[in-house]
Amino acid sequence: MCPFNDIICDFVADFSERLRNSSVAKRYPDIIALAFWARKGNILKLKEKYSNFSDRLGRGLVFHIAPSNIPVNFAFSYLFSLLAGNANIVRVPSKPFPQVSILCDVFIEALENFPKIKAMTAFIGYPVDNKITEAFCEMADARIVWGGDQTVENIRQLKTKPRCVDVVFPDRYSFAIINGKSVDEVPEQELQRLAGFFYNDTYLMDQNACSSPQIIFWQDAKTKAKERFWNAVVDIAREKYDLQPAISIDKYVQSCKDAIEYDSLDIIRDGNILYRIGFSSLPEVNLTALRGKGGYFYEYDLDSLDEFIPYINEKYQTVTYYGIEPNVIKDFVLKNRLCGIDRVVPIGSAMDIGLIWDGYDLINMLSRVVFAV
């Protein structure tokens, strides 16, 4: 089909409406975020950003390997490819997330009213089995692979059609930049909103998402500003976050390892809900090794953006920011021709997945041009 075909857009809108009317779906913020993204108004707005599709067609059959740690990702992956005009085989996460069952049930309901889309769609689940995966890979005109570096490497070793296109999303790393002066001056109500946005970027997914910041770079930050920010975050986390005992232990063990491995380290705890690992100077290591979970963050006072130039590699994906102009960061990346950093978004938008992701324009990647002169 042609990208953003009317039938496809109508199906996506129907699916969104069913989700938004589902009392069960409303229990899960990640599902509601998906439903909001897929609403008809947003899809039509996205369509307007692209040029005429009269000379484009979907690539054919797309095989999706969904990540195991983000339950709604398989649905986004499917919708992205469908909007590009493709038929899809989607391997859903093997972990028993309730969101997966809810979404599949709603997809099945919606597909009954769209037989053409139904004939182009299959959601499947099976244990790790290269023979099954290889069979699907041999059929596919494109593959979308979400997962760690090892998953991507394993899939790439499987036989495909000569013209099969791979869109891969391996391990990535993200950080935040916060202007301390802005935090210090912001009204209390706005501070609470900021803390809530930061919570959504981090605690909501236990910092497992590739776009969740692991290091907080502070600019013009006094101790008072930092404390004000973190106190607000802790207040939100104590109210909303279900801290698991295993994560508490992991955080404590990680703090012990960091204390042994790195010099000039300042470890600040707020019970088990928050660990702040402060560096007085950046360690001479690959910073992507500094990863936390469930409220374990690294911190550093940044004098200049130039300080992290030596550290940026292709692993870096998202920079979330507060109190700094996004174009300052974007222009910095372009001027220095950094091989990493694909997204610059405000705090609270780290998880806002879209048709441009990891530097890929997915509609153009998953469709082909029919050219005539």
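## Cysteines

The whole structure holds zero disulfides, a disulfide being a pair of cysteine sulfur atoms within 2.5 Å. This is a predicted model: local features need pLDDT of at least 70, side-chain atom pairs count only at pLDDT 80 or more, and totals for chains, interfaces and linings use all residues. Residues are numbered from 1 along each chain as its sequence is written, and side-chain values use heavy atoms, with hydrogens and water left out.

For Cys2, the closest cysteine sulfur is in Cys9, 9.5 Å away and too far for a bond. Cys2 is partly exposed at 24% relative accessible area. Buried means under 20%, exposed over 50%, and partly exposed in between (1.4 Å probe, protein chains only). For Cys137, the closest cysteine sulfur is in Cys164, at 7.3 Å, again too far for a bond. Cys137 is buried, at 0%.

## Loop residue Ala140

Ala140 sits in the loop between α7 (130–139) and β5 (142–146). Helices (H or I, at least four residues) and strands (E, at least two) are DSSP runs, numbered from the N terminus. Ala140 has 0% relative accessibility, so it counts as buried.

Beyond neighbours within four places in sequence, Ala140 contacts Leu61, Phe63, Lys161 and Cys164. Contact means heavy atoms within 4.5 Å.
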